[in-house]
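Hi everyone, thanks for making time this morning. Have a look at what I'm putting on the screen, and then I'll walk you through some parts of it.

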2 protein chains.
Amino acid sequence: MLQNDRFLRACRKEPLDYTPVWIMRQAGRYMKEYRALREKVDFLTLCKTPELATQATLLPVDMLGVDAAILFSDILIPVEAMGMSVVFTENRGPVFPEPLRTEAQVKALSIPLPEEKTPFVIDAVRQIRRELKDRIPLIGFAGAPYTLATYMVEGETSRNFHQVKRWIYQSPGWLHALLETLTETVSLYLRSQVEAGADAVQLFDTWAGMLSPDEYAEFSLPYTRRIIQDLRSAGSFRGPIILYINGGGTLLEKMADSGADVIGLDWRIDIADARKRIGDRVSLQGNLDPCVLYASPDIIRAQARKILTKFGSGSGHIFNLGHGILPDTPVDHARALVEAVHQESSSFHE
Amino acid sequence: MLQNDRFLRACRKEPLDYTPVWIMRQAGRYMKEYRALREKVDFLTLCKTPELATQATLLPVDMLGVDAAILFSDILIPVEAMGMSVVFTENRGPVFPEPLRTEAQVKALSIPLPEEKTPFVIDAVRQIRRELKDRIPLIGFAGAPYTLATYMVEGETSRNFHQVKRWIYQSPGWLHALLETLTETVSLYLRSQVEAGADAVQLFDTWAGMLSPDEYAEFSLPYTRRIIQDLRSAGSFRGPIILYINGGGTLLEKMADSGADVIGLDWRIDIADARKRIGDRVSLQGNLDPCVLYASPDIIRAQARKILTKFGSGSGHIFNLGHGILPDTPVDHARALVEAVHQESSSFHE
């Protein structure tokens, strides 16, 4: 039994005393304790060492008072395990020195077995669960196939996603083949996390918001749906599944069709509108602009209250930022947000 | 009397024989004739020399067969005239060596009189009108105040717009003061273009899609509305006013409240949905993904037909890309798009 299961209850729209909150990238460069960890080891080593990944995961739990922990890792971990070399750079983000350019490269990719290729993730989940001591739930995660494909095809973080768009319009068969392989990979990967004890999972389809609704329906949604069905049909996993897209405001109804229990919103959609559109089918997560955390605690509180008011009464809302916390955010401001959400939300619950 | 006034008729939802089309950035680096012009002079000189700006404006008219010309210029021309130094770089785009960082800098900005500070724009509009010989209409344009402010505050093209967001949450008074000055500037600037003969104008609020709906309502919409009211109250201008936002899918209803006659869509919103939401109030422009032009002419035709079918029967649609044409687009593909729109659209009109 969890001491604080508000996050899980909100995902299931069960009654609550206040609205739970966690923060995307809550263990990150904005914390000096995280920077201290990173002074000792590089990013990939941090992800691949269960002891250190556990430390990173727990940092914000203790320091911010969030209502959920999320596995410290990276969405590209299983992609590397597929046989693609990836380099994490300080300024350019992740870079694939040999991005996918041919069908032969797609066919050469393997589907990694998590126990063999990414056992450190399984071990990290187990260790985090032990050290959390049932205080709050642990969220596992993976990138959704389309978003992983964009990195593999573009080779690095892209502004316009021209390369993957070329595949969409010129070689859709290659892209579908890649997405099939990724779907198998992500299914196995997430299953290994829930078997190790993750209480919930989030699928990050971060870049799917660059697609037209028709492209989303063809190149992303069916694969996300299969992963969710697979997690459910595996039988044992009954925990919440969250689907997040950055810039998904025009895709909400389709996202709700995915089978996810919770839809993660960025800050560009009014959460009152989102609730009207899909709130009868799913819970909502979000949706504060990460830049609000630059402002003073009283402004942070006012902006948090605004979102809570827009969502309105009742359960079904997990407070979060609309995108990852920014590296130059003051830690005190993150803490002020968590406190403000807890205090300001109580009047919206019975 | 214009020989081809289909663009203007579509803006007014008047009956047509086929759907008009033009292409954002239709005079640009993807054309070898444009690159030849740029070999002789730098970008700013091209903008500031009416003879050359006229040549650039007319290139796609002759080569593509589009139904509207758009003034060759840049949204930052009036910003430079306000007293801010701007440098156009080949790789980083426009850069302000001294971006706005203080309230004193905002107060030091002047409101330029177009006849004094940007007479070359007025002369270019006059010369283009002469050389167009009433074949098709000419669209003038300006950046909307919020988008211009982002450049001035960020200093260069930004990924996350952190600086301007700091102003929004920490110093909104500074931003409103800046937006006031920009509103005056843009009003005078657009008025000078319509007095010189522009048949329509487009306001580019390119980056307003990074705002939450509430921020858009506070920091962009009121200023856009004032510019449109000012153009109308000046009395003489009855031509269409187009408002474009990249990523405006969650803002459509507010955009339609601006007083604009036409709302420009990017490719991430389904045009059938957009018509349902605001089609009773405005015409729609867009919304093909610029990356479609990488594909073969038959795929371009199929994708154009899909958008025409989604819009459906009747007038009120100006075909365009959802964002500017990309520099590595084959010219033949742009020409194929124009031809496809003209041919495929006829069955949707009486």
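**A walk through the two chains**

Let's start with Arg25(B), which sits in the loop that runs between helix H1 (6-11) and helix H2 (32-40) of chain B. Before I go on, please keep in mind that this is a predicted model.

Most residues other than glycine have a negative phi, and most peptide bonds are trans. Is Arg25(B) buried, exposed or something in between? It has 18 C-beta neighbours inside 10 Å, so Arg25(B) counts as partly exposed.

Chain B gives us another case of this kind. Lys133(B) has a positive phi near 50°, again in a residue other than glycine. You'll find Lys133(B) in the loop between helix H8 (119-132) and strand E4 (138-143) of chain B. With 8 C-beta neighbours inside 10 Å, Lys133(B) counts as exposed.

In chain A, the bond from Gly286(A) to Asn287(A) is cis, with omega near -10°, and Asn287(A) is part of strand E8 (residues 283-288) of chain A. In chain B, a cis bond joins Gly286(B) and Asn287(B), with omega about -10°, and Asn287(B) belongs to strand E8 (residues 283-288) of chain B.

Okay, let's zoom out to a whole chain. Chain A has 17 helices and nine strands. Its C-alpha atoms fill a box of roughly 60 × 45 × 40 Å along the principal axes.

Leaving out residues up to four places away in sequence, Thr185(A) touches Pro78(A), Met82(A), Ile111(A) and Pro112(A). The C-alpha atoms of Thr185(A) and Val79(A) are 8.4 Å apart, although 106 residues separate them along the chain.

Next, one helix: H13 (residues 221-233) of chain A. It has 13 residues and reaches 18 Å from its first C-alpha to its last, close to the 18 Å expected. Which of its residues are buried? They are Leu221(A), Tyr223(A), Thr224(A), Ile227(A), Ile228(A) and Leu231(A). What covers them includes helices H9, H11, H12 and H14 plus strands E5 and E6 of chain A.

Now for the nonpolar core. In soluble globular proteins, nonpolar side chains tend to be buried together. Here the largest nonpolar core has 237 residues, and among those touching the most other members are Ala149(A) and Ala149(B). Setting aside residues up to four places away in sequence, Ala149(B) touches Val164(B), Leu175(B), Leu178(B), Leu179(B) and Leu182(B).

Last topic: how the two chains go together. Two copies of a chain are related by a rotation about an axis and a shift along it. Here, a rotation of 180° with 0.0 Å of shift puts chain B onto chain A, with an RMSD of 0.0 Å. The copies are therefore related as by a two-fold rotation axis. Both copies use the same surface, and 100% of the contact residues of chain B recur in chain A.

How many residues meet there? 22 residues of chain B contact 22 residues of chain A. On the chain B side, helix H10 (residues 162-170) gives the largest share, five residues. That side divides into 10 nonpolar, seven polar and five charged residues.

Over in chain A, helix H10 has Val164(A), Lys165(A), Trp167(A), Ile168(A) and Tyr169(A) buried. The buried residues of H10(A) pack against H9, H11 and H12 of chain A, together with helix H16 (297-311) of chain B.

Note on methods:
Residues numbered from 1 in each chain as written. Chains lettered and ligands numbered in written order. Predicted model: local features only at pLDDT ≥ 70, side-chain atom pairs only at ≥ 80, totals over all residues. Helix = DSSP H or I, 4+ residues; strand = E, 2+ residues; numbered from the N terminus. Expected span 1.5 Å × (residues − 1). Buried ≥ 20, exposed ≤ 12 C-beta atoms within 10 Å, placed from the backbone. Contact = placed C-beta atoms within 7 Å. Least-squares fit on C-alpha atoms with pLDDT ≥ 70 in both. Core = buried A, V, L, I, M, F, W, Y, C linked by C-beta atoms within 7 Å. Nonpolar A, V, L, I, M, F, W, Y, C, P; charged D, E, K, R; others polar.
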